[in-house]
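Biologist: I have the model open and would like to go through a few spots with you. Could you start with one residue and tell me what surrounds it?

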Amino acid sequence: LAVARLHEAIRQARSWGFLGRDILGSGVDLEIAVKQGAGAFVCGEETALLHSIEGRRGMPRPRPPYPAVSGLWGKPTVINNVETLANVALIARYGAGWFRSVGDVDDPGTMLVTLSGSFEHHGVVEVPTGTLLTDLMTHHAGTDPRAVNAVLVGGYHGTWLTADTFDGTRLSRTGLKDLGASPGAGILHALGHTECGLARTAEIVGYLADESARQCGPCKKGLPRLAELVDELAYGRASDRLVKEIRRITRLVDARGACRHPDGTARLVRSALRAFATDIESHHHGRCTAADVLVHESGRKSPPART
């Protein structure tokens, strides 16, 4: 659907004279080509994306040289996402003052936020930067913040925030900085009270390990091992030894890969160890906080669902 809409937008732009040869009599020739990616998670990395466009396997490139020096087909390449280009067009039309009139003072404008997980409403919404996290949950996700146990901010390479941090937290780089988080890709994934945060993290880390390019040691060896350990933490008997080993492997993969995929995975795991410390302690004693909530609500104990 997205690709079809892009082709239709290009057709309209060409019919109005905004694309093609000598656009609007300016003497400038401009064409747009749409290339569909391979769909792998790691192809979101800019150099892997360039490889994919060139018809090669989507593998991150060593840097330097950076794409601005040698990018697509070896030529200098500027890489932006669609949201940035849309903002550029609006700023060109309405001016910088208009753009800065909404949002966080230090990080003005609006941002696209993807809502997923245990929120009542899923989808993509546009909100001013600096929007209160609780307001976004209530007005856009249709969910009482009290029904949410934690939120993963920034996508699978993001940071878990627990319910005790929700009040007063604003969705911007400035607003999240003190919590060690960032809006990242603008994705919010909610965790309900009856879901085990360690189990959800184990699922994500397993996915990230499978989606790696497997071209460097941290991805080829480190992430699969990290996935095994986090899975053991979620479904086995947690222990100090296990947590210590997870921290050790996390240090080994961080900042040592060919791209930032291992770094993002390390960030996720570290935040999970902080956010779900109570769950780790419960698992150490053969219990689960999520299951205990089900006991309280239904009067009988059920294990947390492994999703």
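Modeller: Leaving aside neighbours within four places in sequence, T159 is in contact (heavy atoms within 4.5 Å) with V151, L152, V153, G180, A181, R267, S271 and R274. Please keep in mind that this is a predicted model, in which local features need pLDDT of at least 70 and side-chain atom pairs count only at pLDDT 80 or more, while totals for chains, interfaces and linings use all residues. Residues are numbered from 1 along each chain as its sequence is written, and side-chain values use heavy atoms, with hydrogens and water left out.

Biologist: Where does T159 sit, and is T159 buried or exposed?

Modeller: T159 belongs to strand β5, residues 159-162; helices (H or I, at least four residues) and strands (E, at least two) are DSSP runs, numbered from the N terminus. T159 counts as buried because its relative accessibility is 3%, where buried means under 20% relative accessible area, exposed over 50%, and partly exposed in between, with a 1.4 Å probe and protein chains only.

Biologist: Switching to β7, which strands pair with β7, and in what sense?

Modeller: β1 pairs with β7 in the parallel sense over four bridges, whereas β4, residues 148-153, pairs with β7 in the antiparallel sense over five bridges; two strands pair if DSSP finds at least two bridges between them. H189 of β7 is the bridge partner of S116, and H189 is also the bridge partner of L152.

Biologist: How many residues of β7 are buried?

Modeller: Five of the six residues of β7, residues 187-192, are buried, so the strand is largely enclosed by the rest of the structure.

Biologist: What about D104, what does its side chain touch?

Modeller: The side chain of D104 makes a polar contact with the side chain of S172 at 3.1 Å. A polar contact is a pair of N or O atoms within 3.5 Å; within protein, one must be able to donate a hydrogen and the other to accept it, and residues adjacent in sequence count only if both atoms are side-chain atoms. Beyond neighbours within four places in sequence, D104 is in contact with T129, G130, S172 and T174. D104 lies in the loop between α4 (96-99) and β1 (110-117), and D104 is buried because its relative accessible area is 14%.

Biologist: Which residues line the largest cavity?

Modeller: The lining consists of L198, T201, V230, L233, V269, A272 and L273, and the volume of the largest cavity is about 40 Å³. On a 1 Å grid over the protein atoms alone, a cavity is a set of points where a 1.4 Å probe fits but cannot get out, a pocket is an open set with protein on both sides within 12 Å along at least five of seven lines, and lining residues have an atom within 4 Å of a point. Grid points are joined across faces, edges and corners, and a volume is the space filled by probe spheres set on the points.

Biologist: Which helix gives the largest share of that lining?

Modeller: That is α10, which supplies three residues.

Biologist: Last topic, which peptide bond involving R63 is cis?

Modeller: The bond joining R63 and P64 is cis, with omega about 5 degrees, and the bond from P64 to P65 is cis with omega near 5 degrees. P64 is placed in the loop between α2 (46-53) and α3 (82-94).
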